[in-house]
Amino acid sequence: MEYIYRYIKILITAFCCLSCSNTDIQITKNVEESPEIFPDYKDVTIPYNIVPLNFSYVGEGDVCLIISGKHGELQIKGKDGLFSFQNSTWRKLMQENKGDSIKLTVAVYINKEWVGCKPFFIKVSTDPIDPYISYRLIPPGYEGWKDMGIYQRDLETFEETSIFENKLTNHNCVNCHAYCERDPSKMMFHVRAEFDGTVLIQDEVIEKLNTKTDSTVSTLVYPYWHPSGKYIAFSVNKTMQNFFNHHPNRIEVYDVESDVVVYNVQTRQISYSSLTKSANSFETFPAFSPDGRSLYFCSAPKVDSLPLKYDLVRYNLCRITFNPEDMSFGSKVDTLYNAQLHQKSVSFPRVSPDGKNLVFTLHNWGNFSIWHKEADLWKVNLQTEEVVPLAEVNSDDVESYHSWSSNSRWLIFSSRRTNGLYTRPFIAYVDEKGETCKPFLLPQNNPLVYYKQLMFSYNIPEFMIRKVETSKYKIKNVLRESKGINVTVKRN
Amino acid sequence: MKQRYQKILVGGVFLFFFLVIGYLLYDTLRFSFFFREQQQLFLFDKAYCLKLIFNPGGFAVWFARFIVQFFRVIWCGPIVTGGLLALISFINWRILRRLDNLNWSLPISFIPSLFLSVSLLDSYYYYEGITAYLFFIIGLLLYVKLSDGILKSYFRLLIGLFLTIIVYYVAGAVTILFSVCAFLFDLLAGKKNSLLGLCYLLVAVFLGFLSVRWGIEGLHMYTYTPADYYEITLPMPFVHYVSWWSLPIGMLFIFIVRNYLKNLFSSNLMEIFLSVGILFCYSKIYYSSLDHDLQKFYQNEYLTVEEQWDELLKFSAKNASKSYSDANYMNLALIEKGILTNSLFDYPQHGPLSIAFISNNKVPDIRLAHVLFTMGNMAATQNLAFNACQIPNGYNPTMLKMILQIDLMRGAYPVALKYIELLEKSLFYSKWATEQRKFLFNDELVEQDAFLGMGRRSFPKEEAFVLYNSPMDDLYKILDTNPENTKAMDYALAYLLLAKDINHVRDFVDRYYGTSGLKILPIPVQEALIFYSDYYHTLDEDYALQHGISKEQLAYHLSADLEYCQLHGVTTETIERFVRFKEAYGKLRQNQSTVLVGYEKTFWHYLLFAQI
């Protein structure tokens, strides 16, 4: 049925594109004011293989967009303020201007003349972006939900399809999807409440794992695949939440216990070091280095009297060596960034695939950064260990989860900058020196209408090198019918 | 002439059925229909409509939601539903009479509608169960009519197959019923090559199979049974199958009677007997399935949403002694009327849970959201109201309005705008939503607004977690920040009185008496204060020290003497009344048969006799 919808959508899109005819206007007056547009695509850097960056002029009157590139000029008339590019036109524009910039001038018809607003530029990078992203769509709520699902989006078209939706398993909770090296042939996600378990998919073989053991405080939670595909690092967390009476963050989500463990995909055993499972500290958010020989994680000295002393829980960025040959850990933990010293807390360390940079989220306390208005993205240069904020990327509102593209040139991250509550995915270019450019909001066919109407948050945006093809029917059958395989603890 | 008379008679029967079922639904389910409206937000929006319609069965869902939005008007639900059920019965009769034009096919044609009305007693049975049935029966009538004059079997087959697919797309799982009925009709009507009708069943099964295979539905149960129209997380009661089965069984029954039992069923007596039998069974099942407690909750909710505080008070007070939920609504009505503390003991009260009952389960609690919202506990309300919006049919409009107002109070304007734009696409909430636009990005106007301004000024200065201990802790923090919040003040006083916490009543009076929120001490509070004063002044010092009261504490308590009471709002009349009460109570203690007449509605009576 999804295929039928897709073809209908394509037909509708084609019709819309055809109806948006090119035009030929002359600007008779220029003003220095920059046009108000949504999304704000002014002066962003985009990959040449991205879908058309349709956008809307947020103002009154007839509008026209004049696009100037290396090979001439193109005009698009706005329909209800929306500038919608034909796919072929856009592709041509991207190919012709790869490595260069295109100039966009919004012209508004005022008092019987076309007035040109201050032009802006879009830089077209020669670095491609991974063709797919996946994310969970959830209500940005607190305890309740009804519909949620994990979806994938083709970045070269506007097509969004579901990987798994909770309507197939009685509206339970699905979360924490993760892929090995962005390759969906090795993927996993968790299911909570009814039919609970961890779904592990390896080359279309689907397993359901029961991951609670006597030695761990909870089922496996935040995942990160080892680049070899043999292991997955997880945190185990006993998580609680309370609601502030006035704080703009609204909620504090906190762990009263947490550790980091590594799961062996082949033996179905978990292992840990006393350094990642300390009684005196909370460890969480593990992430392997691209060579698979280091395990990064966040660690905070244990705080009693939670939640009352919630603002004393501060996580540092730590690293321990990991030996993939025998699944053993190093004998000491390095503190890469002591956030406590700065009265800050770290979450979500993610190393770029080229191993040069590590980006993490920094906020005032705790680990649940999506509910921290002050949360920003920071970068560690792993060669110099210099730690700096991603100033071009950050906003006054939340920046939280992030992931790297395969070529280390693109960073997708979640942000609440558009309205303060509903999380949206933004993509930023990172150049070879590790400098970031102004990010752009995930393009949509009609982004103004789409994002206004979308009552879900984008959660855990992850790049993928290809589409997930595993049948949700099969996943559902495994979840509903399989008792699951019990995970055990490796005893040394 | 006879035919005309018959037409009028049949029309009269269906009109009568409509009136009777409409009245029955009005009498028993009108608030339930209203609550159905509160469980959805229909949007006049292309994307919203297309998203619904593009799914198998989506048109029935769209149509159901379109209709249900009008149930905001209390009489609309019963009338529209009565009309739909009468229409279903009428079409049903048009189909059945083609099998045999006997009079008693008329009562049989009512059975599906009657059991659909029983299904509506269950709030987890979605209204699309009715609209889907309507589309199915229309589809079946079309099939019967279109295939009537067709001699070639394969034409009939094509029509049937086409309608099977259409019914599936329009109405969902009920297609299986369509295919069974279409096949059965051909078979029982003696159509040529009637077994070809089995193809409809095969196609219906195949469509259901595809829906599961493509991940549109989780289980075959949702593609072949009424469970498609039932809350997915719950097991569906058997009764919802009856409306489905009754039609094919009715067809078979007619066939058997026509061919084998015609003599037995041809008399009018049998017709009457059959009608009475159906009515008896129906009324038995209907009334035994009616959940009176749930209907009471719906009525409380209706009166709250409609802000009919006098009616709410009258209705909820009837059951307040048996149910905390009703007591919460009753006290909500009292506070909205501005008489909570003064009239507290005029009504049945059973401890502080009568003010705010917090259930341990995680079911979205809209009652509690109303109470906390009125208390000024906006953060806790926001959580509850948001969770209450996570329902299958979209947002609960009343809860969404609450969230929107809280976001305006918080100054979270972009997200408030998002909700305004959403509500503006609805029929009944659009005007209200547009009126809220003026507050966007206008702090001054928000602060000037009586309601929003009060809410904004009442956000506690002292940062803490809400509902961490009890609602009273939050009320203290609200009042610390804004003692002008009279509703929070009244709720706090009522809470302390109902908790029989006279020590904190004294602290509270110490702190707030004379402020703009507590210029006059309500009579029950006066009663509590004079009791407190008397209690400690008559308490043996040694006894007090032995029972954990320190000398300093005792000195503090004793500082509230008669003069203190008078200075803090206790009137001479209350003091004199207390003296008389003490005498009466003394007599009561000596002679158990004496009754404390005239003091039943006092704090003293509640303190000494009410069990909490």
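How many residues does the contact take from chain B, and how many from chain A? Welcome to a short tour that starts at this meeting place. Keep in mind as you click around that this is a predicted model.

**Stop 1: where the chains touch**

Show both chains together. The contact takes 34 residues from chain B and 30 residues from chain A. Now turn to the chain B side and select H10, helix H20 (378-388), helix H22 (413-423) and helix H26 (471-481) of chain B, the elements that each give two or more residues to the side touching chain A. H20(B) gives the most, with five residues. If you colour this side of chain B by residue class, you will find 21 nonpolar, six polar and seven charged residues.

**Stop 2: a pair of helices in chain B**

Stay with chain B and select residues 175-188, which form helix H9, along with residues 198-213, which form helix H10. Their axes come within 8 Å and cross at roughly 170°, so H9(B) is roughly antiparallel to H10(B). To look at the contact itself, show side chains on H9(B), including Ile176(B), Val180(B) and Phe183(B), and on H10(B), where the residues they meet include Leu201(B), Ala204(B) and Leu207(B). By class, the contact of H9(B) with H10(B) has ten nonpolar, three polar and no charged residues.

**Stop 3: two domains in chain A**

Where they touch, 18 residues of domain 1 of chain A are in contact with 16 residues of domain 2 of chain A. On the domain 1 side, pick out strand S3 (45-47) and strand S4 (55-57) of chain A, the elements that give two or more residues there. S3(A) gives the most to this side, with three residues. The residues on this side of domain 1 of chain A divide into twelve nonpolar, five polar and one charged.

**Stop 4: a four-stranded sheet**

For the last stop, look for an open sheet in chain A, with four antiparallel-paired strands in the order S30-S31-S32-S33. Which strands sit at the edges? Select 399-404 for strand S30 and 440-441 for strand S33 of chain A: each of these edge strands pairs on one side only. To finish, zoom in on His402(A), whose bridge partner in S31(A) is Phe413(A).

Conventions: Residues are numbered from 1 along each chain as its sequence is written. Chains are lettered from A and ligands numbered from 1 in the order in which they are written. This is a predicted model: local features need pLDDT of at least 70, side-chain atom pairs count only at pLDDT 80 or more; totals for chains, interfaces and linings use all residues. Two residues are in contact if their C-beta atoms, placed from the backbone, lie within 7 Å. Ala, Val, Leu, Ile, Met, Phe, Trp, Tyr, Cys and Pro count as nonpolar, Asp, Glu, Lys and Arg as charged, and the others, Gly among them, as polar. Two strands pair if DSSP finds at least two bridges between them. Axes are lines fitted to C-alpha atoms, for helices over the stretch in contact, and angles run from 0 to 180 degrees between N-to-C directions. Angles under 35 degrees count as roughly parallel, over 145 as roughly antiparallel, 65 to 115 as roughly perpendicular and the rest as oblique.
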